[in-house]
Amino acid sequence: MVFIDSMQRKKPPSTERKAAPPVLKPGVKAKLEHRDFWLYGSLVLALIATLFCYSSSFSFKYTNWDDPMYIHGNTVIHELTTANVKEMFTSDAVLNYHPLTQLSLALDYHRARDLEVEKEKDPAPFHQTNILIHLLNVILVFFFIYLLSDKRLLVAFLVSFLFGIHPMHVESVSWISERKDGLYTFFFLLCLITWLYYIKKKTIRLYLASFLLFLLALLSKPAAVPTGIVLLLLDYYRQRFNFSLVKPSGWKNLVRGDGLKAMLEKIPFIIAGIILIYITFEIQKKTAIAEFHAFTLTQRLMFSTYGFCMYLIKLFVPVGLSAYYPYPALSGGGYLPGFFYISVFIAMAVLALCFWPGKEKRLISFGLMFYLVMLILVLQFISVGGTIMSDRYTYVPYIGIFFILAMVISRFFESGRRGLKYWRYPVAFSLAIYLMALTVTAQQRTLVWKNSETLWNDVISKYTNIVAAYKNRAIHYVSFPETYDKALRDFQMAEQLGSKDPR
């Protein structure tokens, strides 16, 4: 009975306590809060500067360069019906296959009010969406670089700031027809961010999510085709496998172990990209692609190296920007201007930096190859369109060069070398002045895209012999009775320059 009674007695309350959550020391907590303040504060600063650059774009009109074909003449976006959405995904638009871009334009068309005077849809919603997507891309660039640089705040800030305000990016934002640039970049950056998490956690969900985001980027613009190669570059930079361009053993690592696995992972990305390249080529070969025999193989090579070099020059010194860069005139002997020949050697010298033996080899190789891979399809080796280069082509490729520059600057400020500390304030001051100058330049550049007249005025001020510029400006002038005389003069000039357009 005593035993039973003892079993039935209530156990005394346990004296054990549950483990309390770790309490951060005041100094550590303050340090984390301080870092968060600078993290989000620097991002907000980049967004404010970007918004300043494009604030005037909210009131811009359409231009008559592709906008009529994408908006007014593209009846598939005029009504959000099942049949129209199906047609977006089964047919091309303006010699491109980008159904998601068309869908986004359809959403803007649906919410745009009718303008009584112009008898067209209000362009404001289209500009608003372009700017919103660009701001979202600034945020994604910030966090992508933040992760890629091992959470270096200065690097993330500099790259996102430059991406947001660089004058070469104005064309991709202020031109309604370039919605595809911003939209594909949005999904492309999400794909890269997801891939960085995949490298760390290696889960099938993250892999599939990255592939899905890649497909969305492809459906926004074919420029996303090289994504599989970019993911391989990320693997290389994050040291998933050892690789060296100059050592034979380094190449062997690509076909065994982690290198082989990394290559096999990219096969679905590469196959999907090849399919879209084929679709795009079949669409554009009708009218947009020049016949291959129109230029010699040597000339095409020089067109490519010229663009490679000029985009780099305009990254640092963005002057003489134009919506239209004509092909050069050949001399009597069929020769190109001198810089085209020099550009071959400059391009070779720049790419030779990938073999740099120093400790920054991985950084330089990654940044330069990112730039080249995302640019290579538009370097006009196969001539598409009437321009030898376009500002909008730099929208994504510049991220690779921005990353190199930002990492070099960050390591300069982190350096403990005594001889460098006296240069920190002059360098910081010069950098701030340069960034402000770029911001103001970009803000002024946006004004070029205010309407058709300002756009073609700017082109003609840079190049006085472009038929398309006079013709398109005349088409704008002929819409208003008070400018008929200006239209006539421009049509006559276009005719004198060799236009055979019956219109």
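Predicted model: local features only at pLDDT ≥ 70, side-chain atom pairs only at ≥ 80, totals over all residues.

**Helix packing and nonpolar cores**

Let me begin with a pair of helices, α6 and α9, which are roughly parallel to each other. Helix α6 covers residues 124-148 and helix α9 covers residues 179-201; the two pack at an angle of about 25°, and their axes are 9 Å apart. The assignment follows because angles under 35 degrees count as roughly parallel. The crossing of α6 past α9 is left-handed.

Which residues make this contact? On the α6 side they are Phe126, Thr129, Asn130, Ile133, Leu136, Asn137, Leu140, Val141, Phe144, Leu147 and Leu148. On the α9 side they are Arg179, Gly182, Leu183, Thr185, Phe186, Leu189, Leu190, Leu192, Ile193, Leu196 and Tyr197. By class, the contact of α6 with α9 comprises 16 nonpolar residues, five polar and one charged.

Helix α6 also contains His127. Is His127 buried or exposed? His127 counts as buried, because its relative accessibility is 1%. Leaving aside residues up to four places away in sequence, His127 touches Ser57, Phe58, Phe60, Lys61, Ser174 and Ile176.

I turn now to a second pair, helix α17 (residues 361-375) and helix α18 (residues 398-414). Their axes cross at roughly 155° and come within 6 Å. Angles over 145 degrees count as roughly antiparallel, and α17 and α18 are therefore roughly antiparallel to each other. From α17, the contact involves Leu363, Ile364, Phe366, Gly367, Leu368, Phe370 and Tyr371. From α18, it involves Tyr398, Ile399, Gly400, Ile401, Phe403, Ile404, Met407 and Arg411. The contact of α17 with α18 has 12 nonpolar residues, two polar and one charged.

Finally, the cores. How many residues does the largest nonpolar core have? It has 121, and Ile145, Phe188 and Phe370 are those with the most contacts inside it. Helix α9 gives the most to this core, namely 12 residues. Phe370, again not counting residues up to four places away in sequence, touches Phe188, Leu192, Val230, Leu233, Val396, Pro397, Ile399 and Gly400.

Key. Residues numbered from 1 in each chain as written. Heavy atoms only, no water. Axes fitted to C-alpha atoms, helices over the stretch in contact; angles between N-to-C directions. Helix = DSSP H or I, 4+ residues; strand = E, 2+ residues; numbered from the N terminus. Parallel < 35°, antiparallel > 145°, perpendicular 65-115°, else oblique. Left-handed = near helix turned anticlockwise from the far one by under 90°. Contact = heavy atoms within 4.5 Å. Nonpolar A, V, L, I, M, F, W, Y, C, P; charged D, E, K, R; others polar. Core = buried A, V, L, I, M, F, W, Y, C linked by side-chain atoms within 4.5 Å. Buried < 20%, exposed > 50% of the residue type's maximum accessible area, 1.4 Å probe, protein only.
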